[in-house]
Amino acid sequence: MASVEFKHIEKIYPGNVHTVKDFNLKINDGEFIVFLGPSGCGKSTTLRMLAGLEDISGGEILINNKVVNDLEPIERDIAMVFQSYALYPHMSVYQNIAFALKLAGLSKSEIEEKVRPVADMLQLTPLLDRKPRALSGGQRQRVAMGRAMVRTPEVFLFDEPLSNLDAKLRNSMRTEIKTLHKKIKKTTIYVTHDQVEAMTLADRIVILRDGKVEQVGTPREIYHSPANKFVAGFIGSPAMNFIPVELAKDEGWHVDIAGQKLNLLGDVDDNQTDTKATLGIRPCDIHITPDLLTNPLVIKGTVENLELLGSTIQLTSRLGDSQITVEAPSSHMVNEDEVTNFYIDESRLHLFSDQTGLSMYKPNAVLE
Amino acid sequence: MFAMRKIRWGKYIFLMLVAGFVLVPMFATVLGGFKSLGELRTNPFGLPDVWEFEYYAQVFADGSIWLLMKNSLIIAFFSVLLTLIIGTMTAFTFSHIKFAGYKYIYNYFLIGMMFPAAAAILPLFLKIRDLGLLDSLSGVVIPQVAFGLGFSILLFRSFFEQLPSELFDAARVDGCSYIKFYWHVILPLSTPILATVGVFVLVASWNNYLLPLLVLNTEQQYPWTLGIMQYRGEYGIEWNRILAYVTVTITPAIVFFLFAQKYIVEGLTGGAVKG
Amino acid sequence: MSNEVTTIGKRSSTSSNQNVSRWFKKNNHGNRLLTLVLFLPPALLLFTIFVILPIGEAGYYSLFRWNGYGEPSQWVEFSNYVRLFKHGAFDTAVWNTFKIILISLVIQLPLALIIALSIYKKSWANSLFRLIFFLPYILAEVAAGLIWRFVFDGDYGVMARFTEALNTDTWYILADKNWAFVAILVVLVWKYFGFHMMIYIAALQGVPKDLIEASKLDGASRFQAIWYVKIPLIMSGITISIFFSILGALQTFDLIMPLTGGGPSNSTHTLVSYLYTFGITRMNVGFGSAVGVVLFICCVIFAFTYQSTIMKDKK
Ligand SMILES: Nc1ncnc2c1ncn2[C@@H]1O[C@H](COP(=O)(O)OP(=O)(O)OP(=O)(O)O)[C@@H](O)[C@H]1O
Ligand SMILES: [Mg+2]
């Protein structure tokens, strides 16, 4: 049973490259945490500091409430799965899985006892005598996981373990990882820059940018209540529409988009004195028909471009100076150059301060 | 088309001529050992009319040739062994430990590689003498290892650096210290480069003449390169004996070459091309 | 007062101890430092003692007259060098070394290149040729020297045939002051061209095929394809083989001894065989060291010019 805690973690590489800045996070026992962020934001570095593969420049890392800064990787009771699998090419699958146990000084029979069930669980038993080079990508991936599991560590670390697989295999391995985690319930930290992986796997997602935590939350929270403009834009595909707006108040708060007035029914953060803000609406929260919406906001726009993507259509439209993307079921009929009404679910609006980038709006409707 | 064919022919005639230039002296050597002196004089290059086996037999007669070969082998064996061990250890510190200032020390080894061993041969001789290594096989082995280090460290290091860095991380997580990683992962993965460097050192040591000449005085310690020169000194211009002797002594090298061709060529040119 | 000083001293020393131990802890993950302390010194010591130190000592000893026993005491300034440059045999040795370099560059390397170009493609016959041409390189120099000594013997070898055919007196070419070194140069080419050929072949096999094909499509003749495409692309192989052949030329020794031993009348010495004959066999440590220093300086000059010209072009 293990909790993990990062306290004010800093990483400064030689040459004064400040990669991780004041990273704080408490991970509960058995939790599946995903680090998500653009390339170079310091995900791997943070993970490697936890693994003991990288010096910690400042702060403390605790595993089970014990500071591990000065411990060897092996003493931290962690196991790690690497992006390129890092299997030992000269060892058979069996030897790869058994290597850590051999180093730990276990006897031959003890090793056998531990390797067999792991190999069974991962369906590696028929492959045990093969060398890694004679395995497919998915099989290598499983060996790498077997190597991590055989030591029954308290914390599992994954650094983009699926990014070398093709799309199909990635999906099935993702499910496998999820199932495994449900089965063994060990604290897991998983690094990726693939949102789908993050959304499907995580109990909580940690969004990183430039070595700083932008938001920590469940996939639902991250998606529906992004804490700031960066998170809002980073999560979701196609990306959220951002529209610069003027914020004003008469009877209630409202914004103006291309001369059309949108009333805000929720709570606007009153501390914000800023009148310039950015409105955020996800393409799937803009509808072409008012069906299903209880009290939609209506806005007019011209359809500029239309793409059929199968079950959905994606269209772009111009609202004043800004362009918006709309995603709608392909059963709806619209034509290019047509002026049409767009219906917006008010409870799905986001508003970000231009000064701080922070979210400054809470819609009224409670999210399901 | 006609011109094309002409070029072909010209090319093969040229290649055959060069091959003749290379091979005729060698065949003459092998065959010369089977000829009497008289025949050697009238027919130096052709097949012998009468095959005489006594000259070859005499090469083996007193058994000293086995001792020479044995000494050469011992020197070569330990030179290879030590170069591989020390070379990989040192290269490992450059490729994985990367201590502060390692680049300077690495360059120190590389610069040493550029300088001729022969330039400082006299002080080297005095050093070997003062260390009490004169007239011992280790007196040949140790300096030989020292001179091969620059080259082997260069090759080893570039090989180690090409290994994926995640391999080291994985091994650390599995519980390897640096030494265990070197032993369990680096060395087993380095067999190609070990073979390449090993072959290079082996051939250089087997053929070395100057260093044994300098260090060894008693015949009991001689490698075959000294033995062959001594044999020539004894038999002067009895070329049939000498040619038989030469043939016998170069045979191991040629057989070895035919078997380990790939590694030899890589060992002797590979470093050049990669470096 | 003094008490205070000592306590301060003590405190600072314990804190520095702490610093050291913290530093050690931080840097010794996986026994990193211990491994370093174990792995680096053997090579460093061996290399320093047997390769680097002797070079420095050669410079020092070259200023003495000394037979190698006791301490060098008879300081003679530069008289060893003066003697050296006045010695005719030394001049010859320098010239001969220079000739080796010249022949390597003008005959050996082009020959190796031509052969490499004609047999670098993979085929059965080409492999056989490669094998044959490389064979002399793996023979020991002393064995090769003896083989050619036989070939050049006026009574037995090729020279006997030659003079027989011309109906002249027997010609002992290795004993002929004017021709002995030419004979040595022939042996040098015989022995080493295969090595350079292999370097070129390795480089040529690394040239992407489509580049050559593209040049053919562009209408290049065979010769143009070689001159404008292949040779520029194997330039790195060529610079390396030039480097090896010059460094090798400067150190030629093993071949000289069985062929001529430097004779007749010291006409075929190279720098190293000269060093051996006049420095080592007579235990003229000072004089021999002076020769070594000259050789060393030649190498340094060469290495630097090489770096600043050929290597620079490469970049
Ligand atoms: N050894 C190093 N020395 C200096 N800078 C480094 C070093 N390793 C990483 N960095 C820098 O630190 C930053 C973070 O690197 P890191 O590998 O943690 O990114 P990442 O979030 O894992 O990205 P990716 O998704 O591409 O793997 C990068 O800008 C990188 O250039
Ligand atoms: Mg990464």
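# Helices and annotated regions in a predicted three-chain model

In chain B, the helices H4(B) and H7(B) are oblique to each other (angles under 35 degrees count as roughly parallel, over 145 as roughly antiparallel, 65 to 115 as roughly perpendicular, and the rest as oblique). The model is predicted, so to speak of local features requires pLDDT of at least 70 and side-chain atom pairs count only at pLDDT 80 or more, whereas totals for chains, interfaces and linings use all residues. Residues are numbered from 1 along each chain as its sequence is written, chains are lettered from A and ligands numbered from 1 in the order in which they are written, and side-chain values use heavy atoms, without hydrogens and water.

- Helix H4 of chain B spans residues 64-97, and helix H7 of chain B spans residues 137-162 (helices are DSSP runs of H or I with at least four residues, strands are runs of E with at least two, and both are numbered from the N terminus).
- The axes of H4(B) and H7(B) come within 6 Å and cross at roughly 40 degrees (axes are lines fitted to C-alpha atoms, for helices over the stretch in contact, with angles from 0 to 180 degrees between N-to-C directions).
- The residues of this contact between H4(B) and H7(B) comprise 17 nonpolar, 11 polar and two charged ones (Ala, Val, Leu, Ile, Met, Phe, Trp, Tyr, Cys and Pro count as nonpolar, Asp, Glu, Lys and Arg as charged, and the others, Gly among them, as polar).
- H4(B) also meets a helix of chain C: the axes of H4(B) and H2(C) come within 8 Å and cross at roughly 130 degrees.
- That angle makes H4(B) oblique to H2(C).

**Aromatic pairs**

- Over all chains, the structure holds 59 aromatic pairs (rings of Phe, Tyr and Trp, the last by its six-membered ring, pair if their centres lie within 6.5 Å; planes under 30 degrees apart count as stacked, over 60 as edge-to-face and the rest as tilted).
- One of these pairs, formed by B:Tyr108 and C:Phe47, is edge-to-face, with 5.6 Å from centre to centre and 75 degrees between the planes.
- B:Tyr108 belongs to helix H5 (residues 102-114) of chain B and C:Phe47 to helix H2 (residues 32-61) of chain C, so the pair joins two chains.

**Annotated regions of chain B**

- In an unreviewed entry, UniProt lists "domain: ABC transmembrane type-1" at residues 69-260 of chain B (positions follow the numbering used here, feature names are shortened, and annotations may be inferred rather than shown by experiment).
- This span of chain B, residues 69-260, is 81% helix and 0% strand, and its end C-alpha atoms lie 19 Å apart.
- The unreviewed UniProt entry also places the feature "transmembrane region" at several stretches of chain B, including residues 73-94 and 138-160.
- Residues 73-94 of chain B are 100% helix and 0% strand, with end C-alpha atoms 31 Å apart.
- Residues 138-160 of chain B are likewise 100% helix and 0% strand, and their end C-alpha atoms lie 29 Å apart.

**Annotated regions of chain C**

- According to an unreviewed UniProt entry, "domain: ABC transmembrane type-1" covers residues 94-306 of chain C.
- Residues 94-306 of chain C are 75% helix and 0% strand, and 19 Å separate the end C-alpha atoms.
- UniProt, again in an unreviewed entry, gives "transmembrane region" for stretches of chain C, among them residues 179-204 and 225-250.
- The span 179-204 of chain C is 96% helix and 0% strand, with its end C-alpha atoms 37 Å apart.
- The span 225-250 of chain C is 96% helix and 0% strand, with end C-alpha atoms 34 Å apart.

**Chain A: annotation and backbone**

- The feature "domain: ABC transporter" is placed by UniProt (unreviewed entry) at residues 4-235 of chain A.
- Over residues 4-235, chain A is 36% helix and 26% strand, and the end C-alpha atoms are 25 Å apart.
- Most residues other than glycine have a negative phi, and most peptide bonds are trans.
- A:Asp22, which lies in strand S2 (residues 17-27) of chain A, has a positive phi of about 45 degrees although it is not a glycine.
- The peptide bond from A:Ser237 to A:Pro238 is cis, with omega near -5 degrees.
- A:Pro238 sits in the loop between helix H8 (229-234) and strand S11 (241-249) of chain A.
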